[in-house]
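Keep the structure open as you read.

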Amino acid sequence: MHSPALSRYHSILEGSDKANFLLTKQVLTDERLDQASSRLWQVHDSARTRGPFACGNTTLLDIKSELADRMLEHCELCERRCGANRREGVKGHCGVLDSRVSSEFLHMGEEPDLVPSYTIFFSGCTFNCVYCQNWDISTKPESGIRMEPADLARMIEMRSSGDGRARRAETPANRARNVNWVGGDPTSNLPFILKVMRECRANLPQVWNSNMYLTEEAMRLLDGVIDVYLTDFKYGNDGCAQRLSGVESYTAIVQRNHLIAKQQCEVIVRHLVLPGHIECCTRPVLHWIAENLTGVKVNVMSQYRPEYKAAMFPELRRPMRILEYGKALGIAEDLGLDLCD
Ligand code: SF4
């Protein structure tokens, strides 16, 4: 019995529905891509609100990809809004210029609905979490390898059985159930990811595995291509976010983006319980979810371990205590949240 919170995701897996990015390729217009950005945004937004255009050689996904590419000239993909001209080699806060894939593999440790998940890790991140559990890639945006979007699209198809051509993945155990875009954080890599989607033909749900610190413009570009947001909702107040991840206005931005995500598609919210942060972070985060995101799956995560610079922060020097995690889980259960197994 599948969770109703992920019913569309499962209908894609069963073949009775199509992944959003494939549907977006069917939205056609005769608009040219060399027009002013303001005009392309107009076309983009009206395509989403007025339904498919009937004819033409330009797809809505082409327009999304063109707009994302142009954002590289004055990068405002995340709310740091550096304005860096990444096309000309100017680095912003995340340090990402061209996208680099740090690793890609079938992940067996994600939420049960997602496993096996074809997880694509990008180097670099928009956050600076002092306890980062993936710090070896998130703090090194120049690591990893450059890939052609078409090559990565072929690799995705090879992991799938969805398009009738890729037959290498023959058993459920090694057949991807989704593409899981992550890092670091995938936000800096949105232009590259949309290019991969343009090339890809596999009917695989697309999972956006992110800290959700995107701008509203970036969220608009994700609308209609992502099937499941797998979000990381860390903090219940701006002080902890600033102290431990170096970000401003965390709660307003991340709450806003969760509400947008819920309107766009299905959502799984992750909350990593941090030692000593039950009252300031776990409790308010879970309460906010209960009040604002009815019907989403929630994963209260216990796997914190002191990594990276955690030793410099007294409360983060130790692993999670069983009693402490039990308290976090109790809050979630009392609120009636739909918890992952
Ligand atoms: S994605 Fe990177 S360069 Fe772009 S605004 Fe965010 S931190 Fe700055």
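Strand β5 (residues 179-182) runs parallel to β6 and pairs with it over 3 bridges. Two strands pair if DSSP finds at least two bridges between them. Helices (H or I, at least four residues) and strands (E, at least two) are DSSP runs, numbered from the N terminus. This is a predicted model: local features need pLDDT of at least 70, side-chain atom pairs count only at pLDDT 80 or more, and totals for chains, interfaces and linings use all residues. Residues are numbered from 1 along each chain as its sequence is written.

**From β5 to β6**
- Tryptophan 181 has tryptophan 208 in β6 as its bridge partner.
- The chain passes from β5 through helix α7 (residues 190-199) to β6, in a right-handed β-α-β crossover.
- Right-handed means that, with the strands pointing away from the viewer, the path from the first strand over the helix to the second runs clockwise.

**From β6 to β7**
- β6 and strand β7 (residues 228-232) run parallel, joined by 4 bridges.
- Serine 210 has threonine 231 in β7 as its bridge partner.
- With helix α8 (residues 216-222), β6 and β7 form a right-handed β-α-β unit.

**Cover on β6**
- In β6 (residues 206-210), 5 of 5 residues are buried (20 or more other C-beta atoms within 10 Å of a residue's own, with C-beta atoms placed from the backbone).
- In a regular strand the side chains alternate between the two faces of the sheet.
- Gln206, Trp208 and Ser210 are buried on one side, and Val207 and Asn209 on the other.

**The ligand**
- The ligand is surrounded by 15 residues (C-beta atom, placed from the backbone, within 6 Å).
- The closest are Cys75, Cys78, Cys82, Gly92 and Cys94.

Terms used:
A residue is buried if 20 or more other C-beta atoms lie within 10 Å of its own, exposed if 12 or fewer, and partly exposed in between; C-beta atoms are placed from the backbone.
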